[in-house]
Amino acid sequence: MEHADIPAAAAVLRRAAETFFLHESAPEDAAAFLAQHDAAGLRRNLDAGFVYHAAIEDGVLAGFVGVRGGTHVFHLFVDAAYQRRGIAQALWEAARAQALVPGHPGVFTVNASNFAVPFYASLGFERTAPMQADKVPYNPMRLSMPLVGAA
């Protein structure tokens with residue numbers, strides 16, 4: 001994902017959040033979440049070294065994934081109009097492939113929304129704690145993979 005993609009990515013994030021999980025939060029918490037994860041927030045993350053990938057369908061940014069520190073899935077959003085097409089899986093596979101370099105610990109984490117838990121479970125992530133909340137409810141999850149280069 002490039003800086004030019006940030007406005008479209010922020011719009012996808014906002015629509016997906018409003019559609020899939022912000023209804024679980026108090027209005028002031030939902031507003032705070034959106035303010036933290038707007039275009040400026042995405043730009044800060046990109047500038048801080050988060051690795052982002054975008055899925056472009058017919059010239060439209062359909063979804064994106066962002067990974068912090070090579071191990072934490074920080075963002076993974078697909079616009080509702082593009083759901084159920086394998087885009088989230090393809091984004092995850094691209095992010096995972098780029099992160100899994102020699103020396104990678106073989107562990108990924110994510111704070112999944114209630115809506116996203118089944119998706120992450122299908123990838124092999126497991127819950128590590130009960131649902132928690134920080135502006136929005138989330139479920140800490142972890143995926144342990146064989147170490148890169150391990151026999």
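Author: In helix H3, which spans residues 39-47, the buried residues include Gly41, Leu42, Asn45 and Leu46. Buried here means under 20% relative accessible area, exposed means over 50%, and partly exposed lies in between, with a 1.4 Å probe and protein chains only. Helices (H or I, at least four residues) and strands (E, at least two) are DSSP runs, numbered from the N terminus. Seen down the axis of H3, the buried residues fall within an arc of 135 degrees, so they line one face of the helix; the arc is that of the directions from the helix axis to the C-beta atoms.

The model is a predicted one: local features need pLDDT of at least 70, side-chain atom pairs count only at pLDDT 80 or more, and totals for chains, interfaces and linings use all residues. Residues are numbered from 1 along each chain as its sequence is written, and side-chain values use heavy atoms, with hydrogens and water left out.

The cover over the buried residues of H3 includes H1, helix H2 (27-36), strand E1 (51-57), E2 and E3, where contact means heavy atoms within 4.5 Å. At the start of H3, a side-chain oxygen of Asp38 comes to within 3.2 Å of the backbone nitrogen of Ala40. This is a polar contact, that is, a pair of N or O atoms within 3.5 Å; within protein, one must be able to donate a hydrogen and the other to accept it, and residues adjacent in sequence count only if both atoms are side-chain atoms. After H3 comes Gly49, with a positive phi near 100 degrees.

A salt bridge is a side-chain nitrogen of Lys or Arg within 4 Å of a carboxyl oxygen of Asp or Glu, and the whole structure holds 3 of them. Asp79 pairs with Arg15, their closest N and O atoms being 2.6 Å apart. This pair links distant parts of the chain, since Asp79 is in the loop between E3 and H4 and Arg15 is in helix H1, 64 residues apart. Asp79 is buried at 9% relative accessibility, whereas Arg15 is partly exposed at 39%. Glu18 and Arg14 form another salt bridge, with the closest N and O atoms 3.2 Å apart. Both residues lie in H1 (residues 6-20), 4 residues apart, about one turn of the helix.

In the largest one, of 24 residues, Val73, Tyr120 and Phe125 touch the most other members. Elements giving two or more residues to this core include strand E2 (60-68), strand E3 (72-78) and helix H4 (87-99). The most comes from H4, with 6 residues. A second, separate core has 22 residues, among them Ala9, Val12, Ala17 and Leu22.

Finally, His104 is found in the loop between H4 and E4 and is buried, with a relative accessible area of 8%. The side chain of His104 reaches the backbone oxygen of Gly70 at 2.7 Å and the backbone nitrogen of Gly106 at 2.8 Å.

Key: Core = buried A, V, L, I, M, F, W, Y, C linked by side-chain atoms within 4.5 Å.
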